[in-house]
Amino acid sequence: MKKLPIVLFFLMLGSSLFGQREVQRLTIEHHQELSLLLKKITDQSGWFFSYNPDVIDPDQLVTLHIKDAKITEVLDTLSHKLKLRYSLMGNQVILNRIDKNTGDIQSEETKFVVSGYVMDSLTGENLIGAAVVLQGTTIGTQTNAFGYYALELPRGVQRIEYAYLGYQRVLIDVHLSQDTRVDVALSSMVVELPDVVIDKSRSSAQDHDPESMMVRPEILQKLPEFGGEQGLIRSLQAFPGIKTHSDGSAFFFVRGGAKDQNLIMIDDAPIYNPAHLFGFYSLVVPEFTRSITVYKSDIPTHIGDRLSSIIDVRTKDGNLKSLGISGGLNPLVYQLAVEGPIVKEKSSFFASYRRSNFKWIYQAALPNLSLFFDDFHLKWNYKINKNNRLYFTLIAGTDQLNNQGDLSDERVGIQWENVAMTLRWNHIYGPKLFSNTVLYTGNYQYRLASQSDVWQSGIGKLGLKSDFTWYHSPVWTTRFGIEIQSYFFNPGKLNDGGPLASIFPKSGLFQTAQNVLYLQSVYDFDPKWRLRLGIRASSWTNLAPASYYRFSADGQPTDTMTARRGAYHTYARADPRFSISYSSSDNSLWKFSAGVYHQFIQLISNSTSPFSSFEVWLPASPNIQPQRAIQFSLGHSYKTSDRLWSLSTALYYKKMTHQIDYRPHPKLLLNPLIEGELLYGSLEAYGLEILCKKNAGRLSGWISYNYSRAIRQTPQVNRGEAYPAFQDRPHELSLLLDYSWTKRIKLSTYWTVYTGSAFSSPTSFYSFNGQVIPVFGQKNNDRLPDYKRLDIALRFVLNKNPNNSYKHSLSISVYNVLAHKNVIDVNFNKSISEDGTPVIRSNILSNQQLITVQTDLIRFLPSISYRFEL
């Protein structure tokens, strides 16, 4: 109830935006050129005009006297006076002259579709999100995730503008007498300073969504490196609403959600652990990515299912025209990538391999230790013909931390592996119907070895998805499709040969199936309004053979159920999504969204450590209901006319139910009754996000502030009272600056500070049998110290001539340059260890006391890296 006013505020504000639309009445006194008259009409009504100046003379003298008239009355008078015909499309008035020979007026329905691909002229790589606009208007569209566009326009000669940030604009006159295919290649801009590039495309303000972020890899490369490498997750934390767990963790939180409520997809394949070395390095290298889109609310219905965020990564196809080699070297990691044509202009590939090099650090002191990670990235594509294309993507990564003893069965350590693959078919049924069919898999396996015993857990997914985009008109696009998924869960088991296997019971394996239907339409029903409606319907089925238990209210098993074949339990859920946006000008956009989201898998872990060793995924089942969230969001984005500065803000409120908590002292490892250890509650999250960016110039960057709360409530925890979740961090401030000192020297800095995470600390102590026992009060009653970090990087471009085919650079960076102690963990330990050695200095003559021990990871880490490209 406390958050009800926030919801009502969102709803009332959304309603007030609807009420702002009024019928405009125009008063015009004009005796000048036609072009000036049309400008007057636009200024008063908001309707723009499109016409061919070779057919309709913009300099002809026109006299018009109208008072208090509707826009249609003005247009009727004007068309009669000048013998024109007009048609309305979106926020445009399209003018055409009556045929002088026949005196006939062409039908307003005579329209054709111009469609095709927009690509890079140098590499043949398709460009995602390129603007395709009818010149002088805001009638237009953007290329989809595969560079395809379709735009319906009236018959005749239409001048179309193609634009993409960092590329030269192209104007093409298209003679539309039938549906026409136009593939366009854009050339990169050649400028003195590479970062002095301003977006001058005439894309609509509706295309600048304040609730999603499209991040290009070159933006991530501006951030200072860690250990000589840029990382996807570590880089995204610079944006508001995204918070990492801590130093040394791959986990991250978005808008108050838990760490398992985010999904990273690589070309539609899921990645369950996106990190190397516990989060210090990212599995996905920037060189392999083409675009990264982050959805925090108003998540499209064709992707899911997560409650907090979807990070959609699209990868490079590979150079279709020439061979290229690139790589990087630093003391800790080396990488090599090759791309090029297999059949020129028809088929290409991209391949990359990376491996760590830590052995020189520890070999002398720890000769039996094995610590490394490596990964392999591969992309292949083949153009069958102009309407069909195939793609294949593969990502595989391994991490290992093992200590091999003198005997072969004395191996102790951990290892995890990621594999993701997709096979994709793009097909154009017609200029208005584009399809994308993909077969994909994502697999994650985790192993913990202790001598001859090996504990294993994992999750795997196999899916088939057929997605269709129907371009009805420039103002109406519909996306729909079907998806079939199969999951495999291993919540943890021991191998059969170890001594512990006979002691611990074996956990079961789970198989599930999910079927999804989705539909979403985007409609520009007015020059300034855009409506998005969608629904995602899912069925989740638990499959036999399986054994499961029924539990009492206190978590004790009461019955054992056995399913031998078929489906033994099903959930059906429907997620409606809605958003409406209002563009008050070409530079300003308001957007309100509301949506329901469900999640059918969950990560079981009650550890707050960034190095959690037990990653157990469980499916929704007879005992675990799907997680559910409803989110309301109001956002605003503004860009200056020259696109140099931008400001975006967002308010959100999210209520999540069926949130998993745990009974006191739960047993989560090798427990076939693990579902009995779980409790269920709710979580409320709300906040404000502000991001101010300078997009170009010698000095560019952004500053962001985030206020957010995440409050949990579980009836059996904390006496049923609400308490802050671990990810509750009220304040966060970040600053990124990138300065082009000269043409060849760049300086970048990143600074962040945020409130420490919540944790439970003792409120008092008492003695019992000579032992000091802590007493805990409210859950999460304390906080870690505030996190603060400043990173600095200096990049030198080594080749003097920027046009050289061989390009190389040297980067020097320092992580946490101020050596601030960022605490990741607090423990309360005795001052004397078991062997009698003081843990830290204390009065050893007094009674042993519990003392606070804080753990931090990295206070100062310099790195140097060399990168090349040819």
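## A buried aspartate and its partner

Asp728 counts as buried because its relative accessibility is 0%, where buried means under 20% relative accessible area, exposed over 50% and partly exposed in between, with a 1.4 Å probe and protein chains only. This is a predicted model, in which local features need pLDDT of at least 70 and side-chain atom pairs count only at pLDDT 80 or more, while totals for chains, interfaces and linings use all residues. Residues are numbered from 1 along each chain as its sequence is written, and side-chain values use heavy atoms, with hydrogens and water left out.

Asp728 forms a salt bridge with Arg783, with the closest N and O atoms 2.4 Å apart; a salt bridge here is a side-chain nitrogen of Lys or Arg within 4 Å of a carboxyl oxygen of Asp or Glu. Asp728 lies in the loop between β44 (723-724) and β45 (731-740) and Arg783 in strand β50 (residues 782-783), so the pair ties together parts that are 55 residues apart in sequence. Arg783, at 27% relative accessibility, counts as partly exposed.

## Overall make-up

The protein has six helices and 55 strands, taken as DSSP runs (H or I, at least four residues, for helices; E, at least two, for strands) and numbered from the N terminus. Of its 870 residues, 54% are buried.

## Salt bridges around Arg536

By the rule above, the count comes to 29 salt bridges. In one of them, Arg536 pairs with Asp305, the closest N and O atoms being 2.7 Å apart, and this pair links Arg536 in strand β33 (residues 529-543) with Asp305 in the loop between β21 (289-295) and β22 (309-315), 231 residues apart. Arg536 and Asp305 are both buried.

Arg536 also meets the side chain of Glu483 in a salt bridge (3.9 Å, N to O). Because Glu483 lies in strand β31 and Arg536 in strand β33, the pair ties together parts that are 53 residues apart in sequence; Glu483, like Arg536, is buried.

## Helix α3

Helix α3 (residues 71-82) has twelve residues and reaches 17 Å from its first C-alpha to its last, close to the 16 Å expected at 1.5 Å a residue, the expected span being 1.5 Å times one less than the number of residues. Its buried residues are Ile71, Val74, Leu75, Leu78, Ser79 and Leu82. Seen down the axis of α3, these fall within an arc of 125 degrees, so they line one face of the helix; the arc is that of the directions from the helix axis to the C-beta atoms.
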